[in-house]
Amino acid sequence: MKQMLLAVIMVAFIFSSAVLSEQDSSIALKKDAGGKISFKLKDADIRSVLNLFGKQLGMNIIAGDDVKGNVTFAFTKVTPLDGLDAVLRVKGYEWTREGDTIIVTSQKMVKTFTLQFANAEEVETSIKLLLGSDDTVSVNKSYNQIVVKSSSDKMGSIIKAIEEIDVPQIQVLV
């Protein structure tokens, strides 16, 4: 009986705090004629923030079990999609759109680079400077390849760096 009562109280508390946080954020939200939104939240639960963006976008948002934590931000005249993308990138989450649903996960991208001119071990040293704490890079010496596991927002800068490094050496004729 005590366990049942405790469970009911916990559910009521969680529900009321979620409703309160959602009400607080919807009161401060301003939407202009162009559909851009302005609002700020401090230490807000990421799932409540996703719910808010889902309502603004008119879309369903599904978050994986590993999507958790709090966020603090202030937006002035951003599109809901740009705001959602910024919040998720800061937290290190990935999202994909399937029809009217956005799926949020913490998955990482894995990309293999076969180098034409540069030495993979030397490039690895340079690439490590661009990686986050939970990103990885490994070298396959046999094929002069680098395998990078990172989030999609960092992968663009990694690709660009590898393209700039993997160039033929300048040769001087004497």
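## Basis of the description

Because the model is predicted, local features need pLDDT of at least 70 and side-chain atom pairs count only at pLDDT 80 or more, whereas totals for chains, interfaces and linings use all residues. Residues are numbered from 1 along each chain as its sequence is written, and side-chain values use heavy atoms, with hydrogens and water left out.

## The sheet β1-β2-β4

Three elements, in the order β1-β2-β4, make up an open sheet of 3 strands with antiparallel pairing. Strands (E, at least two residues) and helices (H or I, at least four) are DSSP runs numbered from the N terminus, and two strands pair if DSSP finds at least two bridges between them. The edge positions belong to β1 (30-31) and β4 (70-78); each has a single partner strand, so one side of each lacks a neighbour in the sheet. Strand β2 (residues 37-45) runs antiparallel to β1 and is joined to it by 2 bridges. Within this pairing, Lys31 stands opposite Ile37 in β2.

Helix α2 (residues 46-57) packs on the sheet and touches β1, β2 and β4, where contact means heavy atoms within 4.5 Å. The direction of α2 makes about 155 degrees with that of β2; axes are lines fitted to C-alpha atoms, for helices over the stretch in contact, and angles run from 0 to 180 degrees between N-to-C directions. Helix α3 (residues 80-91) also packs on the sheet, touching β2 and β4, at about 150 degrees to the direction of β4.

## Nonpolar cores and aromatic residues

The largest nonpolar core has 22 residues, and Phe39, Val49, Phe53, Phe73 and Val87 have the most contacts inside it. Such a core is a set of buried Ala, Val, Leu, Ile, Met, Phe, Trp, Tyr and Cys residues joined through side-chain atoms within 4.5 Å; buried means under 20% relative accessible area, exposed over 50%, and partly exposed in between (1.4 Å probe, protein chains only). At least two residues each come from β2, α2, β4, α3 and β6 (101-105), and α2 supplies the largest share, 5 residues.

The structure holds 6 aromatic pairs. Rings of Phe, Tyr and Trp (its six-membered ring) pair if their centres lie within 6.5 Å; planes under 30 degrees apart count as stacked, over 60 as edge-to-face and the rest as tilted. Phe53 and Phe75 form an edge-to-face pair, 6.4 Å centre to centre with 75 degrees between the planes. Phe53 belongs to helix α2 and Phe75 to strand β4, so the pair ties together parts that are 22 residues apart in sequence. Phe53 is buried at 0% relative accessible area, and Phe75 is buried at 14%. Phe39, Phe53, Phe73 and Phe75 form one aromatic cluster.

## The sheet β7-β9-β8

A further open sheet has 3 strands in the order β7-β9-β8, with antiparallel pairing. β7 (109-114) and β8 stand at the edges. β7 pairs with strand β9 (residues 145-150) over 6 bridges, and Thr114 stands opposite Gln145 in β9. Helix α4 packs on this sheet, touching β8 and β9, and its direction makes about 175 degrees with that of β8.

## Asp135

Asp135 is found in the loop between α4 (120-128) and β8 (136-140) and is buried, with a relative accessible area of 8%. The side chain of Asp135 reaches the backbone nitrogen of Gly132 at 2.8 Å and makes a polar contact with the side chain of Lys154 (3.4 Å). A polar contact is a pair of N or O atoms within 3.5 Å; within protein, one must be able to donate a hydrogen and the other to accept it, and residues adjacent in sequence count only if both atoms are side-chain atoms.
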